[in-house]
Amino acid sequence: MVEKNKHYFKNLQNDWVNRGGKSLKISEITFTKSNDKKKSKRNKDAYPFLKWAGGKRQLIPQMKKYFPQKFNKYIEPFVGGGAVFFELYNASLVKNGAIIIDKNKELINCYRVIKDNVNVLIKSLKKHKNDEDYYYRIRKLDRKPKKYKKLSDIEKASRTIFLNRCCYNGLYRVNSKGQFNVPFGRYKNPTFCDEENLKAVSISLKNVKIIHDSFEVCLKYAEEGDFIYFDPPYFPLSETSSFTSYTKEDFGIKYQKKLHQIFNELNKRGCKLMLSNSYSNFILDLYNDYEKIILKAKRVINCDSSKRGKIKELLIINDYKD
Ligand SMILES: C[S@@+](CC[C@H](N)C(=O)[O-])C[C@H]1O[C@@H](n2cnc3c(N)ncnc32)[C@H](O)[C@@H]1O
């Protein structure tokens with residue numbers, strides 16, 4: 001019985017492949033390191049491989065002019081989908097290595113697998129199918145934690161990317177037990193295996209340290225001249241407007257204050273700092289001593305479609321030149 005469950009994920013996938021007339025078992029795939037030998041002189045641009053609530057892709061055009069043009073390491077303690085990291089990488093600004101951090105274990109596992117095993121991951125992703133029953137069978141794999149643990153990191157990353165691309169609104173959301181709970185999205189042709197981008201992402205991660213931890217760990221690594229971009233779960237504008245279900249723990253006032261202390265500490269160290277948050281009195285007061293820029297963002301994660309207009313957001317920076 002246990003043995004049967006151990007191979008549940010593989011069987012689901014093999015079942016799909018076999019029905020398509022091909023036969024490719026995961027066990028036959030050899031593990032390979034990401035291979036960048038064939039790259040052209042300039043690496044291909046890389047983009048977020050997941051849709052992520054609060055993702056900054058749409059805000060990049062407004063944020064760009066505030067990015068420092070020179071810095072030592074780049075550190076992103078709430079990396080999520082990594083829109084800012086990829087933007088800086090594509091602009092060749094990440095020259096001295098980077099550190100990305102997030103508390104979401106499945107997300108960090110995806111980054112690690114893409115970095116080290118992108119080819120195997122691509123093979124696994126290609127075997128998924130955009131079908132409602134199949135989606136729910138893959139989704140429910142995390143309902144049995146002991147069995148879920150037995151999946152390989154590649155299988156887990158493949159599952160996370162597949163679910164993210166095929167779920168409703170493309171978001172990552174878990175319940176209080178840490179179980180993925182977004183319904184099937186019913187998209188006609190979702191891209192759950194963008195081979196070219198995954199390979200570009202793998203190359204972009206070559207000099208990147210990937211850490212599964214809470215944001216405070218950045219204190220251990222940040223030094224003078226490093227650029228650190230913080231994009232925490234936002235302080236809510238109202239009791240119902242917050243989206244903080246990236247992990248099973250909430251990100252309340254206590255954490256916002258802790259983050260502010262860290263911002264102050266890194267400011268003293270001589271780091272170049274940038275932070276996003278909601279346009280709220282609490283955040284305006286908290287970062288009273290720093291420069292604030294107002295950005296306009298389209299709100300996406302709101303079940304009430306009438307509340308999906310443009311809203312103000314804050315970009316907070318410390319005093320850096322260049
Ligand atoms: C607003 S999202 C970041 C979005 C990202 N900038 C992007 O463009 O996709 C916030 C992220 O913080 C992560 N997070 C929540 N609590 C955290 C904590 N205590 N430490 C580190 N990361 C945390 C969430 O998992 C989520 O990925």
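Reply: The largest nonpolar core holds 69 residues, and Phe85, Ile100, Ile114, Leu121 and Ile228 touch the most other members. Helix H5 (residues 105–126) supplies the largest share of this core, 9 residues. A nonpolar core here is a set of buried Ala, Val, Leu, Ile, Met, Phe, Trp, Tyr and Cys residues joined through C-beta atoms within 7 Å. A residue is buried if 20 or more other C-beta atoms lie within 10 Å of its own, exposed if 12 or fewer, and partly exposed in between, with C-beta atoms placed from the backbone. In soluble globular proteins, nonpolar side chains tend to be buried together.

The model is predicted: local features need pLDDT of at least 70 and side-chain atom pairs count only at pLDDT 80 or more, whereas totals for chains, interfaces and linings use all residues. Residues are numbered from 1 along each chain as its sequence is written.

For the setting, the protein contains 12 helices and 7 strands; helices (H or I, at least four residues) and strands (E, at least two) are DSSP runs, numbered from the N terminus. Of its 322 residues, 36% count as buried. Among contacts between residues at least 6 apart in sequence, 76% join residues at least 24 apart. Two residues are in contact if their C-beta atoms, placed from the backbone, lie within 7 Å.

Setting aside residues up to four places away in sequence, Phe85 touches Tyr74, Glu76, Val79, Ala98 and Ile100. Phe85 is also one of the buried residues of H4, the others being Ala83, Val84, Phe86, Glu87, Leu88 and Tyr89. Because 7 of its 8 residues are buried, H4 is largely enclosed by the rest of the structure. The cover over these buried residues includes helix H3 (60–63), strand S1 (74–76), S2, H9 and strand S4 (227–230).

Just after H4, serine 92 takes a positive phi of about 55°. Serine 92 sits in the loop between helix H4 (83–90) and S2 and is exposed, with 9 other C-beta atoms within 10 Å. Most residues other than glycine have a negative phi. Arginine 186, also not a glycine, has a positive phi of about 55°; its place is in the loop between H8 and helix H9 (195–204), where arginine 186 is exposed, with 12 other C-beta atoms within 10 Å.

Strand S2 (residues 98–102), which is among the elements covering H4, contains isoleucine 101. Isoleucine 101 is buried, with 21 other C-beta atoms within 10 Å. Leaving aside neighbours within four places in sequence, isoleucine 101 contacts Glu76, Pro77, Val79, Ile211, Asp213, Phe215, Val217 and Cys218. The C-alpha atoms of isoleucine 101 and phenylalanine 78 are 5.8 Å apart, although 23 residues separate the two in sequence.

H5, the main contributor to the core, is not straight: it bends by about 110° at asparagine 117. The bend at a residue is the angle between axes fitted to the seven residues ending there and the seven starting there. A straight helix of 22 residues would span 32 Å at 1.5 Å a residue, but H5 spans only 23 Å between its end C-alpha atoms; the expected span is 1.5 Å times one less than the number of residues.

H5 also packs with another helix. The axes of H5 and helix H8 (residues 153–166) come within 8 Å and cross at roughly 95°. H5 is therefore roughly perpendicular to H8. Axes are lines fitted to C-alpha atoms, for helices over the stretch in contact, and angles run from 0 to 180 degrees between N-to-C directions. Angles under 35 degrees count as roughly parallel, over 145 as roughly antiparallel, 65 to 115 as roughly perpendicular and the rest as oblique. Residues of H5 that meet H8 include Val113, Asn117 and Leu121, and those of H8 that meet H5 include Ala157, Ile161 and Phe162.

Beyond residues up to four places away in sequence, arginine 139 touches Leu163 and Phe180.
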